[in-house]
Amino acid sequence: MKVARFYAPGDIRIEQAEEPQAGPGELKLRVRNCSTCGTDAKIHRHGHHHIAPPRVIGHEIAGEVVAVGDGAGDWSPGDRVQVIAAIPCGQCPDCARGWRTICPNQESMGYHYDGGFAEYLIVPAKVLAVDGVNRIPEGVGFAEASVAEPLACVLNGQELARVGAGDTVVVIGAGPIGCLHVRMARARGAERVFLVELNRGRLDAAAAAVSPDAAICGAETDAVDEVRKLTDGRGADVVITAAASGKAQEDALQMTARRGRISFFGGLPKDNPIISCDSNLVHYRELTIVGANGSSPDHNRRALELIASGAVPVADLITHRKSLDDVVAAIETVIAGEAIKVTIEP
């Protein structure tokens, strides 16, 4: 079979490999779609401390069951499925409390196990043990189902930030995650959603797709002042930083209303994770700042339901479809910001 293996930063090779076989408790999938994300771009450029090369990467996975290992459960060849990316252990104290997104023993598809940039893959028994394989609802295509994984992360972030009816929400960052945040906020009942982005071209493309109530180009205007004007000086109820930017996090503190919530959704570079925080703003305005780390198997299941119901449409956000031979070009398209969502069809 054909695979895309990561060997080192800047070195992803399209190779031939022997087809894997499903062992006890495992499933073998024919990968139909594996979508790309910013993390794939980071791996391509810098590697990752959880990846011991060579490794088949790709973690936004949807496919078709072709073989079922002994004891793998009630699955059959032909079943259409979506697979989680982050694999909690299901056994630790955090997992026992339902906090599976912060499991200290977490592993990941495409990092610890070969991922979806391949014609076939094995779903490890650990994934099945935590209900990490979801049946794709009727009417949902494989490409749409592959977007359930990033949407699950968005769902986790918005639940932690308590996005709800009547809220004014600001999303900083107009990449694919930012677009999903805009649509998720709408689905959760937000009254107004503003989208902030430095890159005018990316902002215009995203705004054309997801129609925020205001599209604010941070390179052309002061985003904090603009949000204050749009809210009559009050600020936003929720600000979500869907960008790896310390400046975005600092701006979020300035544009949030009293009793508002801030989601530090996008992580910062490991070599520059410190921001300036006016703690008196947090103190006197009674602000809440929350993190958001990935998603749980339950978030993936519910994300698929949101896609299937039409509450959060994703099909139109998939702007580029490429073959497995074009994985590097796909990732470079992501890096260049020339697409909303790029999916690979092995």
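Which residues does UniProt list for "domain: Enoyl reductase (ER)"? The unreviewed entry gives residues 10-344. What you're looking at is a predicted model, where local features need pLDDT of at least 70, side-chain atom pairs count only at pLDDT 80 or more, and totals for chains, interfaces and linings use all residues. Residues are numbered from 1 along each chain as its sequence is written, and side-chain values use heavy atoms, with hydrogens and water left out.

View 1. UniProt positions follow the numbering used here, feature names are shortened, and annotations may be inferred rather than shown by experiment. Over this stretch the chain is 32% helix and 25% strand (DSSP runs numbered from the N terminus: H or I of at least four residues for helices, E of at least two for strands). The C-alpha atoms at its ends sit 19 Å apart.

View 2. Strand 1 (residues 2-8) is joined to strand 2 by six bridges, and Phe6 stands opposite Ile12 in strand 2.

**View 3. Helix 8 (residues 223-230) meets helix 9 (residues 246-255).** Their axes, lines fitted to C-alpha atoms over the stretch in contact, come within 9 Å and cross at roughly 30°, with angles running from 0 to 180 degrees between N-to-C directions. Helix 8 gives Ala223, Val224, Val227 and Arg228 to the contact, and helix 9 gives Asp251, Gln254 and Met255 (contact means heavy atoms within 4.5 Å).

How values were computed. Pairing = 2+ DSSP bridges.
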